[in-house]
Amino acid sequence: MKAALKGRYENDKSTAAAALTFNAGDCKLRASLTDATVVNGPSLNGLALSLEKPGSFILDYNVPKQDFRFQFMNTVRVAEKPLNLTYIHSRGDNRTILEGTLVLDSANKVSANHVLGTANTKLKYTYVHGGVTTFEPCYDLAKNSWDFAVLRKVYGDDVFKATYQTTSKQLGLEWSRNSKFNGVFKVNGWTCFSLLYIFY
């Protein structure tokens, strides 16, 4: 069993969440809740259940909304290169997403994301230089615009990320850490802070 606690602080509000994960053979069962579940007495608000078989499928159920979300994953080979395919369907908003990632080698991959029934399609190229710096240009066909991201690993567990959206001319900065021993935290820009500790 694994338990996780997550807290998020912003200028005008703070939130908390918790999750319990159980192994059931080659599947994982997870129950998660937010502070809305316990504030003003126990309720179903913020409660979600999930069943996952890594690399195969994820089934999410939002209890208060009685809404299902299905995700199926598979990998095929194209010209001896792995092509990772993902099918996502949300019943509540009746939206279906198709995703594909072609891994060219350990440093290069190309991915595409498309929402069925819309013009919402994004193409992204990912290049990892020296195993520590990642460049990600992304083209949005619907908006006819580019987004750019650069990630840099430092001190092993820390990652600095800079993003730029050409349509809004908005620059984003992020500092995150993912460590089994020191927990996980993320700082976005100057206004948002979130903290996640994982206990075994």
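Close-up 1. Tyr87 is partly exposed, with a relative accessible area of 35%, where buried means under 20% relative accessible area, exposed over 50% and partly exposed in between, computed with a 1.4 Å probe on protein chains only. The structure is a predicted model, in which local features need pLDDT of at least 70 and side-chain atom pairs count only at pLDDT 80 or more, while totals for chains, interfaces and linings use all residues. Residues are numbered from 1 along each chain as its sequence is written, and side-chain values use heavy atoms, with hydrogens and water left out. Phe72 is also partly exposed, at a relative accessible area of 43%. The ring centres of Phe72 and Tyr87 lie 6.4 Å apart with the planes at 35°, so the pair is tilted; rings of Phe, Tyr and Trp (its six-membered ring) are paired if their centres lie within 6.5 Å, and planes under 30 degrees apart count as stacked, over 60 as edge-to-face and the rest as tilted. This pair links distant parts of the chain, since Phe72 belongs to strand β6 (residues 67-78) and Tyr87 to strand β7, 15 residues apart; strands (E, at least two residues) and helices (H or I, at least four) are DSSP runs numbered from the N terminus.

Close-up 2. Ring pairs link Tyr61, Phe68 and Phe70 into a cluster.

**Close-up 3. Arg91 in the loop between β7 and β8.** Arg91 is placed in the loop between β7 and β8, and with a relative accessible area of 46% this residue is partly exposed. When residues up to four places away in sequence are not counted, Arg91 touches Gln66, Asp67 and Phe68, contact being defined as heavy atoms within 4.5 Å. The C-alpha atoms of Arg91 and Arg69 are separated by 6.2 Å, although the two residues are 22 residues apart along the chain.

**Close-up 4. The salt bridge between Lys53 and Asp26.** The structure holds five salt bridges, each defined as a side-chain nitrogen of Lys or Arg within 4 Å of a carboxyl oxygen of Asp or Glu. In one of them the side chains of Lys53 and Asp26 meet, at 3.6 Å from N to O. The two residues come from distant parts of the chain, 27 residues apart, with Lys53 in strand β4 (residues 48-53) and Asp26 in the loop between β2 (14-24) and β3 (27-34). Lys53 is partly exposed, with a relative accessible area of 30%.

Close-up 5. The largest pocket has a volume of about 470 Å³. On a 1 Å grid over the protein atoms alone, a pocket is an open set of points where a 1.4 Å probe fits, with protein on both sides within 12 Å along at least five of seven lines, and lining residues have an atom within 4 Å of a point; the volume is the space filled by probe spheres set on the points, which are joined across faces, edges and corners. There are 24 lining residues, of which Lys122, Lys124, Glu136, Cys138 and Asp147 lie nearest the centre of the pocket. Strand β14 gives the largest share of this lining, four residues. By class the lining has eight nonpolar, 11 polar and five charged residues, with Ala, Val, Leu, Ile, Met, Phe, Trp, Tyr, Cys and Pro counted as nonpolar, Asp, Glu, Lys and Arg as charged, and the others, Gly among them, as polar. The side chains of Lys124 and Glu136 meet in a salt bridge of 4.0 Å, N to O, which joins strand β10 to strand β11 across 12 residues of chain. Lys124 is partly exposed at 30%, whereas Glu136 counts as buried at 18% relative accessibility.

Close-up 6. Asp158 in strand β13 and Arg177 in strand β14 are 19 residues apart, and their side chains meet in a salt bridge of 2.7 Å, N to O. Asp158 counts as buried at 5% relative accessibility, whereas Arg177 counts as partly exposed at 24%. Ser176, also in strand β14, counts as buried at 16% relative accessibility. Leaving aside neighbours within four places in sequence, Ser176 is in contact with Asp157, Asp158, Val159, Phe185 and Lys186.
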